[in-house]
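User: Hi! I have a model open and would like to go through it with you. Could you start wherever you like?

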Amino acid sequence: MTTPFEAEVTEVFHREWGRVVATLIRRTGDWDLAEDSAQEAFVIAVERWRRDGIPASPGGWLTATALNRAIDRLRRAAMGRQKLRDLAAMMPGPDTPDPDESGIVDDRLRLIFTCCHPALALDARVALTLRSLAGLTTSEIARAFLVTDATMAKRLVRAKAKIAHTGIPYRVPPAHLLAERTTGVLAVIYLLFNEGYEASTGADLVRAGLCDEATRLGRTLTELMPDEPEVLGLLALLLFHDSRRAGRVDASGDLVPLDEQDRTRWNAAAITEAETVLDRALRLGRPGPYQTQAAIAACHATAADAAATDWAQIAGLYGELGRMTGSPVVELNRAVAVAMADGPQAGLRLVDGLADSGALRDYRLLAATQADLLRRLGRRDEAAEAYRRAIDLAGNERERRFLIRRLSEVAAPARP
Amino acid sequence: MKYLLLICSDEDQVATLNQEDGEAMLAEYGVFAEEMAARGVLAGGERLRPTADATTVKVRSGEVLLSDGPYAETKEQIGGYFLVDCADLDEAIEIAAKIPGARVGSIEVRPIWPM
């Protein structure tokens, strides 16, 4: 059982870890030292707070304690002049104002832009963000990405070494780089969410937890960049997706298609929050791919039932998204929406066009979509063939089971 | 920080440039080098003769072994370099992207290991 005290400390940990580490990295320039000292500060906090209660400003308390631990560690390790100089530079003084107090940039923003620097490999960006900003342990991240602890540890060490050796700056990028780099940060958070979403079943709780981490990061980013419509758009999108989590799989862990989901199991509070966030984004008047995807998700989330879904609106939004991204996957989604709005024949024409272009060859959802549309048109033999292709390409076991079930429906001998 | 910007390109492609394009390319390099010198980040840079003129040297068991050609046979080869001294990786990337060769080949950005 979790006591109220433990629950509150966990909450403080989630809220403050990134801030403590981010500030410590700025003050010490040493990522490992920052993480170790933050860890130590949290251990001390649990002991101290159990006795004295949680202080009014736990973040400030933790940062001060972590900084003291860092100074202690450096002092113990100080052997040459260089270390002592580092130490002097870290000592709190009038020349090192706390950015939170003076209203300068939040250190967490420096941290996330550095973790998501495009010179780092994508998997390293993801791992580093989870470790430094979200405070997951190396083995938690390893389990979430299905690699060994040693592999993940190596990945993190290499990423931190690259930051140090190549001079990746610890800062929020200047104006001319900001838009591009922000897109990169959002991509990392979205990838993180999708990793969790793909695996969101009871048996895979660690990976499902990635959805929570991604949403938390998205929320933090909206606090740090409140006027960036795409940042808000991403958070709205994540909240809409996440609101359906409980309805996506049935009791036996099988995937339930959107139109068959029990909408009473959707999280109404998350949907309301998502709508508010999306509204804020749209009012800034600078559309973008995340806002458009969130608008599509909103169409689904706010329809009273599957039949009430405004598919024409969704098809239009996918058209817009396609113009922004030029992505054939978006075009495939548009085809599905068109099929719903204007009938399977109209959808199939678009899907066949995509198939002929060769852009999505071996993409599992292309075959699955073709199969579904052919099934609805009553072209059973062709549908069965497409289902078999889709089964060969299926991404995971649940998806495979769903497709096999459909195949058995169309492949069954027609009743006389 | 110092970075070595290695200009990698397909030599065959460079060799087949006609005179006019070749001169235009050289002129672009001239403009780039002037610009970077004026900015105060340029610490050196040269064009290299093609790998047909390369000799690879190694010493094994005290014996000097030579081979004709580059150390690795790859499609893209180093055709030149710039040594720059700038603020951080972001600035090095920005400079690398301005090298004319970046539009046809690629630039490998390598931080200098301070000794």
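Predicted model: local features only at pLDDT ≥ 70, side-chain atom pairs only at ≥ 80, totals over all residues.

**A walk through the model**

User: Is A:A270 buried or exposed?

Analyst: A:A270 is buried, as its relative accessible area is 9%, and the cut-off for buried is under 20%.

User: Which residues is A:A270 in contact with, leaving aside its neighbours within four places in sequence?

Analyst: With those neighbours set aside, A:A270 is in contact with A:L239 and A:S243. As for A:E11, 259 residues away along the chain, its C-alpha atom and that of A:A270 are separated by 19 Å.

User: Let's move to α14(A). How many of its residues are buried?

Analyst: 11 of the 13 residues of α14(A) are buried, so this helix is mostly covered. Among them are A:Y290, A:Q291, A:C299 and A:H300.

User: And what covers the buried residues there?

Analyst: The cover of α14(A) includes α10 (175-198), α12 (229-243), α13 (268-283) and α15 of chain A. On length, α14(A) reaches 18 Å from its first C-alpha to its last, close to the 18 Å expected at 1.5 Å a residue.

User: What span should α15(A) have at 1.5 Å a residue?

Analyst: The 15 residues of α15(A), 311-325, should span 21 Å, and the end C-alpha atoms are 20 Å apart, which agrees. The buried residues of α15(A) include A:W311, A:I314, A:L317 and A:Y318. Their cover includes α14 (289-301) and α16 (328-342) of chain A.

User: What follows α15(A)?

Analyst: A:G326 does, and its phi is positive, near 65°.

User: Which residues other than glycine have a positive phi?

Analyst: A:L146 is one of them, with phi near 55°, and A:D362 is another, with phi near 70°. For background, most residues other than glycine have a negative phi.

User: Where do A:L146 and A:D362 lie?

Analyst: A:L146 is in the loop between α8 (138-144) and α9 (149-166) of chain A, while A:D362 is in the loop between α17 (344-357) and α18 (364-376) of chain A. A:L146 is exposed, with a relative accessible area of 64%, and A:D362 is exposed too, at 61%.

User: New topic: at what angle do α1(A) and α7(A) pack?

Analyst: Helix α1 (residues 4-28) and helix α7 (residues 122-133) of chain A pack at about 100°, with axes 8 Å apart. That makes α1(A) roughly perpendicular to α7(A).

User: Which residues meet in that contact?

Analyst: From α1(A), A:W17, A:G18 and A:V21 meet A:R131, A:S132 and A:L133 of α7(A). The residues of this contact divide into 3 nonpolar, 2 polar and 1 charged.

User: Over to chain B. What is the order of strands in the open sheet?

Analyst: The 4 strands run β2-β5-β1-β6 in chain B, with antiparallel pairing. β2 (42-47) and β6 (106-111) stand at the edges with a single partner strand each, so one side of each has no neighbour in the sheet. Neighbouring strands are turned by 20° against each other on average, direction ignored.

User: How many bridges do β1(B) and β5(B) pair over?

Analyst: Strand β1 (residues 2-10) and strand β5 (residues 76-85) of chain B pair over 9 bridges, in the antiparallel sense. B:I7 stands opposite B:G80 in β5(B).

User: Which helix packs on the sheet?

Analyst: Helix α2 (residues 19-39) of chain B does, touching β1, β2 and β5 of chain B. Its direction makes about 165° with that of β2(B).

Definitions and conventions:
Residues numbered from 1 in each chain as written. Chains lettered and ligands numbered in written order. Heavy atoms only, no water. Axes fitted to C-alpha atoms, helices over the stretch in contact; angles between N-to-C directions. Helix = DSSP H or I, 4+ residues; strand = E, 2+ residues; numbered from the N terminus. Parallel < 35°, antiparallel > 145°, perpendicular 65-115°, else oblique. Contact = heavy atoms within 4.5 Å. Nonpolar A, V, L, I, M, F, W, Y, C, P; charged D, E, K, R; others polar. Expected span 1.5 Å × (residues − 1). Buried < 20%, exposed > 50% of the residue type's maximum accessible area, 1.4 Å probe, protein only. Pairing = 2+ DSSP bridges.
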